[in-house]
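Visitor: I have a model open and would like to go through it with you. Could we begin at the surface?
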Amino acid sequence: DGWEEEWLSFDAYSATSRALKADRALGLVWQPGHTVRESRGFHGFERRWSVTSEETREEVGSVSTGGTHGDLVMIEVKGYRTPEVVPQLREEDPEHACTRVDSCVDFDRPGAWDELLGIVLEVKAEKGLKGERRGDWDFPEDGRTMYLGANSSPVRCRLYEKGKQPGYRSAGRPDWARLEVQVRPQKAARKAYSAISADDTWGASPWTRKIALRAFSLDVGAFPAAGVKKDSDFLRRWDWVCGQAAPTLLEAIEVFGSWDCVRENLVMAHKAKLRR
């Protein structure tokens with residue numbers, strides 16, 4: 001489509017860990033030019049340290065600990081610090097549980113907002129999704145936002161005019177639009193989401209996969225936000241496939257050159273078998 005896409009990246013990430021100490025977690029979020037303020041914690045945590053950028057006056061992350069959660073530490077990071085902190089957190093504690101992750105992609109060209117809004121509203125109608133408009137849509141000088149998904153849903157998507165927000169007007173990019181998915185993995189999926197990429201985060205639901213494919217040609221697999229139930233028939237069959245076919249599938253990647261080629265060959269072979 002000729003859209004100028006910057007890159008897919010994490011824009012927010014929250015996690016809990018018992019291996020990570022509070023001071024180390026704070027060290028991951030903080031960097032020179034940030035201030036730290038201590039306050040009472042939320043959601044059963046006794047203490048909370050908020051990390052704020054001195055330049056923008058915005059909170060870039062926080063660390064919570066103590067209270068009813070014992071030695072559990074919660075770390076939150078958002079905005080421009082997120083792509084830097086997530087890999088470090090995953091290296092420090094691969095066993096952490098991801099409780100929220102946002103993945104975004106930026107577009108910066110005339111007409112991008114209207115094109116993306118058309119796609120979002122199209123998927124909204126097809127899937128019968130709840131939606132919400134924010135901002136003054138009659139006088140959109142300060143930017144508009146379109147949400148998909150109920151506020152209580154583990155998966156939401158939002159499209160907003162990033163370049164028109166007061167804090168970003170100085171960048172001189174009035175056509176800058178951002179499309180973002182927000183996932184709050186349920187208990188069964190938190191382990192999986194502690195390792196997946198910003199691309200794969202768009203696999204949280206069938207409708208987010210549809211938006212990703214139509215908006216920026218990302219064909220991603222399914223990574224359900226609720227996870228796969230342990231006693232499901234699919235999981236039993238998947239265990240069998242891993243045990244019986246994994247060596248052949250891994251060899252097939254070398255034979256055909258890529259996983260996409262393997263998938264295409266599998267689909268064609270399966271369809272041919274069904275026809276026979």
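Visitor: Where does leucine 250 lie?
Guide: In this predicted model, leucine 250 belongs to helix α6. Helices (H or I, at least four residues) and strands (E, at least two) are DSSP runs, numbered from the N terminus.

Visitor: Is leucine 250 buried or exposed?
Guide: Leucine 250 counts as exposed because its relative accessibility is 57%. The cut-offs are under 20% relative accessible area for buried and over 50% for exposed, with partly exposed in between (1.4 Å probe, protein chains only).

Visitor: Which residues make the nonpolar surface patch?
Guide: Leu250, Ile253, Trp259 and Leu266 make a nonpolar patch of about 380 Å². Helices α6 (233–256) and α7 (259–275) are the elements that give two or more residues to it. Patch residues have over 30% relative accessible area and no salt bridge; like charges are joined within 9 Å, and nonpolar side chains (Val, Leu, Ile, Met, Phe, Trp, Tyr) within 5 Å. Accessible areas come from the Shrake-Rupley method with a 1.4 Å probe, and for residues only the protein chains shown count as cover.

Visitor: What are the conventions behind these values?
Guide: Residues are numbered from 1 along each chain as its sequence is written, and side-chain values use heavy atoms, with hydrogens and water left out. As this is a predicted model, local features need pLDDT of at least 70 and side-chain atom pairs count only at pLDDT 80 or more, whereas totals for chains, interfaces and linings use all residues.

Visitor: What does arginine 158 pair with?
Guide: Arginine 158 meets aspartate 102 in a salt bridge (2.8 Å, N to O). Arginine 158 lies in strand β9 (residues 155–160) and aspartate 102 in strand β6, so the pair ties together parts 56 residues apart in sequence. Arginine 158 also forms a salt bridge with glutamate 180, with the closest N and O atoms 2.8 Å apart. Glutamate 180 is in strand β10 (residues 176–183), 22 residues from arginine 158. Arginine 158 is buried at a relative accessible area of 9%, and glutamate 180 is buried at 2%.

Visitor: What does aspartate 11 touch?
Guide: Not counting residues up to four places away in sequence, aspartate 11 touches Lys78, Gly79, Thr82, Asp102, Cys104, Tyr160, Arg178 and Glu180; contact means heavy atoms within 4.5 Å. Aspartate 11 is found in strand β1 and counts as buried, at 14% relative accessibility.

Key:
A salt bridge is a side-chain nitrogen of Lys or Arg within 4 Å of a carboxyl oxygen of Asp or Glu.
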